[in-house]
Amino acid sequence: MASNNIIIPPAAAATTTSQATTTTTAVTSPMTTTTTPTPTSKMEQKKKDKPDQKYAPTLLLPKTYFPLRANAAVREHQFRQRCTTDLYAWQRENNGGELFVLHDGPPYANGHLHLGHALNKLIKDFVNRHKVMQGFKVDYRPGWDCHGLPIELKALAELKVTDRSNLSPTQVRAVAQATAQSAVDSQRQEFSSYAVMGDWANGYKTMDKDFETRQLRVFYEMMNKGLIYRANKPVYWSPSSKTALAESELEYRDDHKSRSAWVAFFVEQPSEKLVSLLPPGTSLQAVVWTTTPWTLPANRCVAVHPKMNYTLFKSNTASDSNTIYLAATDRMDEMRVRFTPPKPKIASTTSDDASFNVVLETLAELSGQDLVGSRYQHPLTGETSLPFIAADYVTSDSGSGLVHTAPGHGMDDFKACFPLGIEAFCPVDGNGDFTAEAGPELEGLSVQTEGTVKVLEMLVTRGSLIQEQVYVHKYPYDWRTKKPIILRATSQWFANVGTIKEDALKAIEHVRIVPEGARRRLEGFVLSRSEWCISRQRSWGVPIPVMYNVETDEPLLTRESVQHVIDLVKEHGADVWWSLSTEELLAPQYRKDGNTYRRGTDTMDVWFDSGTSWTMIEEKMPRPHLPFVADVYCEGSDQHRGWFQSSLLTSVALTGKAPFGTLITHGFLLDAKGFKQSKSLGNTVDPAIVINGGKNLVKEPAYGTDVLRLWAASSEYTKDIAIGSTILQQVAEGMRKFRTTARFMLGNLNGFKESEAVPYEELSRLDKFMLSEVYQFCKNVNAGYDELMFNKVYGQLQYFSSTTLSSFYLDVIKDTLYSNSSSSPARRAIQTVLFHVLTAFNKAIAPLAPHFAEEVYDQYRDCFSPENQQPTVFRTGWLGFVPEEWDNQEVREEFLVVKQLRAEVNQLLEQARAAKVIGPSLEAAVEIQVIHSLPSSSSLFGEEENETVSSLGWKNVVETYAEDFAKLFITSEVKITKLKQSDLQEVELGADMFVKELTSLSEGGVGSVRLRCRLVVKKATLFKCPRCWTFTAQTPDSLCGRCGPVVAALALKG
């Protein structure tokens, strides 16, 4: 058993307070020392220590099998099953509280997990484990998003065929399904290594037929409410993916470069106002700017702002002096730059230089409304009689104030043109190439590359290009392929969310959002959205269940037609849309109605897939009395425009309520230097390596799951989060300190039983103070968990462990634990406190580090009464065991004085140690000289009539704790002396005495000029007890008054 003896944590030997500038170390037993001995030979030291060794067996040193080193990568597996799978099943059956549903946002079933996945799942697990310990019946079913382009592309790559155009949708779907399932199986295994508690055997996948059926029902209900419609209008289109995209599938780059063009549009039919202002024999050219010259073939009109002023002007650089130009009055400075002829490349021209060489002659001004009705000639095709229209979105912030309008390539353009009956012309195909409608010179060219070059060449040839400009600006990219997108008018299916967004905003008014600042972000996305393009041109997904009339292209979308498809999918899965005949897919009443139909080929947006996942909860666990579906949603901040929004819109559309009661948003991962983690930068951190270690275990040690979890807990997850080797080392060091503190408490609870606990009223004031600290600790921990701020919980654990425990209480109690008899009431009282401290600490850390908590609980489970013993710490309940009587404010206030006195004494001890007057603090004696002016009263100290309450308070504390100060200061003697102010000069202070005069204990010596107290430290006068090492023995090599009876009693037993 000797091998299981442990020593006090090193941190416990150092006493610090906020007032102290130095620390004090102390020797507390023959087996425990953290001080540097005074210089002496090894032989002399050996002789000095040798007599003490015979008493070592009589000391009650800590004993425990709890190892200091976690060896986490190996040991954690011993506790994994019981604190995950077994625990989840037990709490679902046995916890008596209300149902608590944390709905999992499905990660994409593609590839291995990264640290962002780990952070997300761990935050959810912290919430769930806390709820389980509070007695809630937690439902957590992990999910996976299985449809969509990346999986389809990966499946196609696995087919290894050169011509994929000949593949049938069923072939593609079969491989995609296998690809997704393989990823789900792999990710499930990886998630399990994070010790995430949940119903992993019954998770959901968006490719499951029951999920697909529920999704189609949402579509059906939204269709019945008139929220689903088809339109030929511009949508975000990805040529690289060959599909329409939703806003949530875009990412914006600020460094996109466009070849913008300043183009002259010949006004062939000026308005009546223009005619009156134009000189005879002149021609008018409207200056138009576009950042997308490839859209010019689709130009249908020019937009002006009706209330903006426009200027007619001539330029001295124009080739024809009879040409008059038109632009917004506020943009004339820009016109000087744009009408500057290009200079040789060897010379650099600034805007100031350009305006100096150009003369613009203003002829007249008129309003935008006066321009409406004018007609122009197309600069490329020569088409005539194209109109000027009024549009409120036109500004004078950039460009010329006249906007090239192509309703087939711009959403604002479409909105302005649609009421005027102007068609959305789009001569661009799904590959992003010009069609024959763009003309023979452009047909087949990619609009973003050679198509743009050709358009600019055609403008030059036709004399319409005023100037070309390289323009760097923000532009949308496909978030999957990282390629730029275009806007392209096609026939797509939309959800009309404009009619429900006010209801959506109202539904989230009472939703708790963490952090609160994320509310504005979500509201902003909802407000800015009026429609949702839900159709995608892919095979791998849930079909949009619509038939089209072959002759008219009119869609067949009725209650009966959709319900028939839903029934088929419920029985066979979504593959039936591609495997059955068209006749079988038609509802019976349409099979012989005289029309010929074809099935649609579009599938639903994956955000519609995952956005309907709340229906699983509504179906399996309905709670109609609540104003939300799930208690908690938790994902990254990018989901405000993704899953959060799609879930909100579909839920409000069908149920009128938000899908979440609490919405948690976390940030993204950064490396240790603050840069965004990216595979291309090589700065990513693999969670599997954090847990199991890398190839070089010195550089990449195996920290285990709990360290990964504590990193997540310690992070302020509402912001972007940094991680790197140094940060992980710091967290691992924190875990080591937790283990060290727990190990000390476990070692000193050896032999303790809950039934032997000392009642609160019989505890010492020190022990009551410690329990008041436990009460405050539990209060703060509860607040951290309730606020979902786990970094605050982690901070409380650190402070409580290192400062409250190791640096104070554990430091003070060692002597009593080691040297008193096992039956000593004082020792049993301390064990009672340690039992409560460890229980509170272990419960508090359990949701964050479950393996550690289980291991600790295993080591002291036998201390509990049989009826209170549980197979796992997670079945022992939460922190409700802490009674209100522990909130002892009186004792807490007293210890403000005690701890300040202790800090001041420690400074004097350090001075004495530095002067080599003493070695360990037990070699010292302390005298507290309390100063007063009047004769003593009935108490130990006399008080002046005008003494303040605070003065009375601290003097009463000194009187109350007079017998405890030696233990609190870890010295051998503390003497309390009362002196009058006049006696101070008569007290002799020797050369080996160290003195500190205090005028105001509450302010550390600053404040009242009246001297209140003087502290004196000197060498102890008695002899060292060879058993407990206190200098309290009356003669050399003899036991002190405490140790003598203890050893004698042991001798009798022996």
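Author: Strand β21 (residues 547-549) is joined to β23 by three bridges, and the two run antiparallel. This is a predicted model, where local features need pLDDT of at least 70, side-chain atom pairs count only at pLDDT 80 or more, and totals for chains, interfaces and linings use all residues. Residues are numbered from 1 along each chain as its sequence is written, and side-chain values use heavy atoms, with hydrogens and water left out.

Reader: Which residue in β23 does Met547 stand opposite?

Author: Two strands pair if DSSP finds at least two bridges between them, and β21 and β23 are joined by three. The residue in β23 opposite Met547 is Arg599.

Reader: Which are the edge strands of this sheet?

Author: The sheet is open, with three strands in the order β22-β21-β23 and antiparallel pairing. Strands here are DSSP runs of E with at least two residues, helices are runs of H or I with at least four, and both are numbered from the N terminus. An edge strand pairs on one side only, which holds for β22 (555-556) and β23 (597-599).

Reader: Why is α26 called roughly perpendicular to α30?

Author: Axes are lines fitted to C-alpha atoms, for helices over the stretch in contact, and angles run from 0 to 180 degrees between N-to-C directions. Angles under 35 degrees count as roughly parallel, over 145 as roughly antiparallel, 65 to 115 as roughly perpendicular and the rest as oblique. The axes of α26 (residues 765-786) and α30 (residues 889-914) come within 9 Å and cross at roughly 110 degrees. That angle makes α26 roughly perpendicular to α30.

Reader: How many charged residues are in the contact of α26 with α30?

Author: Contact means heavy atoms within 4.5 Å, and the residues that meet include Arg765 and Lys768 in α26 and Glu890 and Arg892 in α30. Asp, Glu, Lys and Arg count as charged; Ala, Val, Leu, Ile, Met, Phe, Trp, Tyr, Cys and Pro as nonpolar; the others, Gly among them, as polar. Four residues of this contact are nonpolar, two are polar, and the charged ones number seven.

Reader: How is α24 oriented to α29?

Author: Helix α24 (residues 705-714) packs with helix α29 (residues 850-860) at about 120 degrees, with axes 8 Å apart. That angle makes the orientation of α24 to α29 oblique.

Reader: What percentage of the residues in the protein chain is buried?

Author: Buried means under 20% relative accessible area, exposed over 50% and partly exposed in between, with a 1.4 Å probe and protein chains only. Of the 1054 residues in the protein chain, the buried share is 55%.
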